Amino acid sequence: MILTVDQVMENPLRPLRARARTASTHEAAQVEQALVKFGSLLQIGFGEAGAKVIHHHMKSGCLDDQLPGRITHAIFGFCDIRDFTPLTEVLQGDVVQLVNAVAKHVHQAVVEN
């Protein structure tokens, strides 16, 4: 578990993986798996700009929310799926696959242009 935290501290964008454990450390394995899942979600949410902030604060050993900020140039997009409410009623749990497919195409178009 400590190795996972150290890896995040060194490179917050590095893909995380839980290590295989024996049955005697079942609880520790569950905690590590939860940490990996949570860390992966944070990587997606914070992105590259956030990774620099995370790296800085983890290296210093404390989180100082009073430090001055940095200017970051970013582009934010918004995509509206028309008639989304009826789609959710028809597709139910499969609506996530649709949203992910739309997001993949939009992201690819942005990267290419």
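1. In this note, buried means under 20% relative accessible area, exposed means over 50%, and partly exposed covers what lies in between, with a 1.4 Å probe and protein chains only. The note concerns a predicted model, in which local features need pLDDT of at least 70 and side-chain atom pairs count only at pLDDT 80 or more, whereas totals for chains, interfaces and linings use all residues. Residues are numbered from 1 along each chain as its sequence is written, and side-chain values use heavy atoms, with hydrogens and water left out.

2. Helices are DSSP runs (H or I, at least four residues), as strands are (E, at least two), and they are numbered from the N terminus. Helix 3 (residues 84-91) packs against helix 4 (residues 95-112) at an angle of about 130 degrees, and their axes are 9 Å apart. This makes the two helices oblique to each other, given that angles under 35 degrees count as roughly parallel, over 145 as roughly antiparallel, 65 to 115 as roughly perpendicular and the rest as oblique. The axes are lines fitted to C-alpha atoms, for helices over the stretch in contact, and the angles run from 0 to 180 degrees between N-to-C directions.

3. Where these helices meet, F84, L87, T88 and L91 of helix 3 touch V95, L98 and V99 of helix 4, contact being defined as heavy atoms within 4.5 Å. L98 is partly exposed, at 28% relative accessibility, and, when neighbours within four places in sequence are set aside, L98 is in contact with L87 and L91. By contrast, D65, which is 33 residues from L98 in sequence, is 38 Å from L98 in space, C-alpha to C-alpha.

4. Two residues deserve a check of their backbone. Most residues other than glycine have a negative phi. D83, in the loop between helix 2 and helix 3, has a positive phi near 55 degrees without being a glycine, and D83 is exposed at 60% relative accessible area. Q92, in the loop between helix 3 and helix 4, likewise is not a glycine and has a positive phi of about 50 degrees; with a relative accessibility of 57%, Q92 counts as exposed.

5. On the surface, F38, L42 and F46 form a nonpolar patch with about 300 Å² of accessible area together, the areas coming from the Shrake-Rupley method with a 1.4 Å probe and, for residues, only the protein chains shown counting as cover. Patches are made of residues with over 30% relative accessible area and no salt bridge, like charges being joined within 9 Å and nonpolar side chains (Val, Leu, Ile, Met, Phe, Trp, Tyr) within 5 Å; a salt bridge is a side-chain nitrogen of Lys or Arg within 4 Å of a carboxyl oxygen of Asp or Glu. F38 belongs to helix 2 (residues 26-60) and is exposed, with 53% relative accessibility.

6. V8, in helix 1 (residues 2-10), is buried at 18% relative accessibility. Not counting residues up to four places away in sequence, V8 touches L16 and M58, and the C-alpha atoms of V8 and G39, 31 residues apart in sequence, are 8.0 Å apart in space.

7. A109 lies in helix 4 and is partly exposed, its relative accessible area being 36%. Its C-alpha atom is separated by 22 Å from that of Q43, 66 residues away along the chain.
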